[in-house]
Amino acid sequence: MGRLVLVILLVSVGVTGATTGWCADRGKNGKIVFFANLTGVNQIYTINPDGTDLFQVTDLPPASDPFALAPDFSPDGKRIVFPHDMTGALELYVINANGTGLTQVTHDGTLHAVPHWSPDGTHFVFATPGETGLAAVIATVAADGSDRKELTSPYWDSLGAEYTQDGKHIVFISQLDGLVAALWIMDDDGKHQRRLTEPEVEAGAPDVSPDGRHVVFYNHQNTQKPTSIFSMNLDGSGLTRLTGPGHMDTLPAYSPDGTRILYMSDRLSPGSFDTFIMDADGSHKKRLIVGAIAPNWGTKPME
């Protein structure tokens, strides 16, 4: 599936019933979800932002695919989507945040990597092998597993897709135009694809801010260079560096209120990754969870 997928693998190693009306205040920060090997097998966990109340969400068999278990909270903060290869293929699953209601969403026997919910909770966007089998493409599927659509070229690797907050666009990383990696944006149906970052940035793993105005990502995707976290306006202007050079800082994710950013880094554990937290302007960095992979911050559900 190409260099784009292989580098994400190296960095990451270590549903039914959706509705369009979410009962949640998206400005309130809820639990953080991640996966980690705390018991000999990778499982999904949640934790409070202050590091308390660690809870094991899944109790699943070991996964062989490094993409497995990368989680994403639903817009209402009540459910989690993730991929797992327990059936032999990396299918999508949804589980309630309290560990109940495990449901397999896709059943087509193909790879589904790095899923993210649409803002209205009706669809997932993810990466999958394209029709040629030569590259990873961005695809969407309804939350009940129907209406699968492939949106990007089957000849250039694309990955790391996420909806904008209005649900009208998708931001993703791609090797389109023969670049090492760049940040792109397109309509939610795949039309009007436009590159946002200059080639030398080699952008990867975007996350759109809750207000829909900014995107955070890391540089030097698909290279051996140390990576740093950057932010910019959603139109590609205002590029700002948030973490310093010399470390592997990757997979950033905004808090629901937009004031904080989670990210992974090896700065205190050379050779392995921990989850860190910082203010949205790059200040007040600190390690939050040792060994936590692919962190994502959920909205606090309404009672």
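Student: Is R267 buried, partly exposed or exposed?

Tutor: This is a predicted model, and in it R267 is partly exposed, with a relative accessible area of 24%.

Student: What does R267 form a salt bridge with?

Tutor: D249 is the partner, and the closest N and O atoms of the pair are 2.7 Å apart. The two sit in distant parts of the chain, 18 residues apart: D249 is in strand β20, while R267 is in the loop between β21 (260–265) and β22 (274–279).

Student: And D249, buried or exposed?

Tutor: D249 is buried, at a relative accessible area of 0%. The cut-off for buried is under 20%, so R267 at 24% falls in the partly exposed class.

Student: How many salt bridges are there?

Tutor: The count comes to seven.

Student: Which residues are linked in a network of salt bridges?

Tutor: D108, R148 and E150 are. R148 meets D108 at 2.9 Å, N to O. That pair ties together parts that are 40 residues apart in sequence, because R148 lies in the loop between β10 (136–142) and β11 and D108 lies in the loop between β7 (103–104) and β8.

Student: What's the N to O distance for R148 and E150?

Tutor: For R148 and E150 it's 3.5 Å.

Student: Changing topic to backbone angles. Which residue other than glycine has a phi near 60 degrees?

Tutor: That's D147, and the value is positive. D147 is in the loop between β10 and β11, and at 42% relative accessibility D147 counts as partly exposed.

Student: Which one has a positive phi near 55 degrees?

Tutor: H284, again a residue other than glycine. Its place is the loop between β22 and β23 (286–289). H284 is exposed, with 60% relative accessible area; the cut-off for exposed is over 50%.

Student: How does the lining of the largest cavity divide into nonpolar, polar and charged?

Tutor: There are 17 nonpolar residues, four polar and three charged in the lining of the largest cavity.

Student: And how much space is in the second largest pocket?

Tutor: About 230 Å³ lies in the second largest pocket. Of its 15 lining residues, S118, H123, Y163, G167 and D188 are the closest to its centre.

Student: How does the lining of the second largest pocket divide up?

Tutor: The second largest pocket has three nonpolar residues, six polar and six charged in its lining.

Student: You mentioned H123. How far apart are G258 and H123 in space?

Tutor: They are 23 Å apart, C-alpha to C-alpha, and 135 residues apart in sequence. G258 lies in the loop between β20 and β21, and at 23% relative accessibility G258 counts as partly exposed.

Student: Last thing, the surface. Which residues form a nonpolar patch there?

Tutor: L134, Y155 and W156 do, with about 360 Å² of accessible area together.

Student: Where is W156?

Tutor: W156 is in the loop between β11 (149–150) and β12 (158–163). At 35% relative accessibility, W156 counts as partly exposed.

Methods:
Residues are numbered from 1 along each chain as its sequence is written. This is a predicted model: local features need pLDDT of at least 70, side-chain atom pairs count only at pLDDT 80 or more; totals for chains, interfaces and linings use all residues. Side-chain values use heavy atoms; hydrogens and water are left out. Patches are made of residues with over 30% relative accessible area and no salt bridge: like charges are joined within 9 Å, nonpolar side chains (Val, Leu, Ile, Met, Phe, Trp, Tyr) within 5 Å. Accessible areas come from the Shrake-Rupley method with a 1.4 Å probe; for residues, only the protein chains shown count as cover. A salt bridge is a side-chain nitrogen of Lys or Arg within 4 Å of a carboxyl oxygen of Asp or Glu. Helices (H or I, at least four residues) and strands (E, at least two) are DSSP runs, numbered from the N terminus. Buried means under 20% relative accessible area, exposed over 50%, partly exposed in between (1.4 Å probe, protein chains only). Ala, Val, Leu, Ile, Met, Phe, Trp, Tyr, Cys and Pro count as nonpolar, Asp, Glu, Lys and Arg as charged, and the others, Gly among them, as polar. On a 1 Å grid over the protein atoms alone, a cavity is a set of points where a 1.4 Å probe fits but cannot get out, and a pocket is an open set with protein on both sides within 12 Å along at least five of seven lines; lining residues have an atom within 4 Å of a point. Grid points are joined across faces, edges and corners, and a volume is the space filled by probe spheres set on the points.
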